[in-house]
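Please read them with the sequence and the coordinates at hand.

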Amino acid sequence: MLFEIDAKPLILHTLRRTAASRLVDRVVVATDDTRIYDAVVAGGGEAVMTSDGHASGSDRIAEVAANMPDASIIVNVQGDEPMISPETIDRAVEALLWDSQADMSTTFEPISSVHGELLNGNVVKVLIDDNGYARHFSRSPMPFPREASLRYGGDPGRALEAEPDLISLFRKHTGLYAYRREYLLKFTRLPQTSLEKIESLEQLRALEDGAKIRAVEAAGPSIGVDTPQDFRRVKDLIECGIDFRRATHSDMPHVARVHVDSWQRSFAGIAPDKFLNDMSVEKRLESYAGRASECGYTMIVADHPDAGIVGFGDFGPPSLPFDFDRQIYSFYFLPEFQRRGLGERLFRRCVAEMMDDGTGSLCLDSLEVSPYRRFYEKMGARIVGRDSHKLGDQDFETVIYGWDDIGKI
């Protein structure tokens, strides 16, 4: 909460985004930590010190809500959601304003990946009925695609990989709640249920109590900051507007276009014309498909909100004949996004991902005539060897760079 992004504690970014909601009258940070309280007040926000004995965030906000007017609508925004959309908050509030039968509302997003989200037990799934109410929450995939699974020997994982369109059946619960004040106070007095304990999902307690929970689609994706990787991603988004994230299968055609476009525009007059003209998205996709199956292979993309994928870097086990832990295979940005400091941010993101996996050293090779190889020297690389690489029918000298300790980059 206190890690700084753009010279402000993360909690203040969440507060600012929440206050931008057109239906919110008052934003209060409920905390039991004096450091967070002091940071919020110093930043011009309102904070309330609460008991340090609460078992959940719902219990904490109920303590504050108990002193608010009857018939209030209370929205629970997690403090680690600095990218929360104000429109998403408005949608959750509106759901209670127009549906007098609903006791609370919550939000969901489409699921975009099978292994990263759908089969990930840390990602909660929500089942929604035809009337727009949440019927169940689980860490397991719901609903079960029985007919599709039977086509693949009863294996839903194989079915989902073979038929990617099936993923549209599923919804990811995003954890924002809006309560009628009176139901919030009732809910937090209810004992935990056995199902809630098994799944470790307190919203199941509300369902077992018979609460009607209106489910509304979020206006856009948000990122909860639960890991160092999440923090780095959010920091980049806020400070430079680019989402540096792990690539998904659907990114690959766009990545291939960046690769081809970067070569054809940046190496015109350097590489042979025939070599550049023969490059294609299809050939690059074949190359990525081969690498994706390798253990330890990772790709980070630079995703611009308007232009889409504008750069990427990928790395994995070294193929160069030197004693390094990892090798960067390719590292490209579209020319119009160069010289903005984005390359350094992407490079540091790749390095951070490697360090998270215990990597200590790194290498890569670059054409001797490349106009960009000085970038690696700026990032602290030393020349550890030389080789040659054939482009078309011509041989080009290459420079091999190495970092003995990427922790010093």
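What percentage of the 409 residues of the chain count as buried?

1. Burial and basis. Of the 409 residues, 49% count as buried, where buried means under 20% relative accessible area, exposed over 50%, and partly exposed in between, with a 1.4 Å probe and protein chains only. The model is predicted: local features need pLDDT of at least 70, side-chain atom pairs count only at pLDDT 80 or more, and totals for chains, interfaces and linings use all residues. Residues are numbered from 1 along each chain as its sequence is written, and side-chain values use heavy atoms, with hydrogens and water left out.

2. Overall form. The chain holds 16 helices and 17 strands; these are DSSP runs numbered from the N terminus, helices being H or I of at least four residues and strands E of at least two. Along the principal axes, the C-alpha atoms fill a box of roughly 80 × 60 × 35 Å. Among contacts (heavy atoms within 4.5 Å) with a separation of 6 or more, 63% join residues 24 or more positions apart.

3. Helix α3. Seven of the nine residues of α3 (57-65) are buried, including Asp 59, Arg 60 and Ile 61. The buried residues of α3 pack against the strands β3 (28-31), β4 (46-49), β5 (73-76) and β9 (171-180), and against helix α8 (181-187).

4. Second largest pocket. This pocket has a volume of about 1200 Å³. Its lining comprises 40 residues, and the closest to its centre are Phe 267, Ser 330, Phe 331, Tyr 332 and Tyr 376. Elements that give two or more residues to the lining include α12 (252-266), α15 (342-356) and β16 (382-391). Strand β14 gives the most, with seven residues. On a 1 Å grid over the protein atoms alone, a pocket is an open set of points where a 1.4 Å probe fits, with protein on both sides within 12 Å along at least five of seven lines; lining residues have an atom within 4 Å of a point. The volume is the space filled by probe spheres set on the points, which are joined across faces, edges and corners.

5. Arg 139. This residue is found in the loop between β8 (134-138) and α6 (146-150), and is partly exposed, with a relative accessible area of 27%. Arg 139 and Asn 122 are 17 residues apart in sequence, yet 6.7 Å apart in space, C-alpha to C-alpha. Not counting residues up to four places away in sequence, Arg 139 touches residues including Asn 120, Lys 125, Glu 199 and Leu 201.
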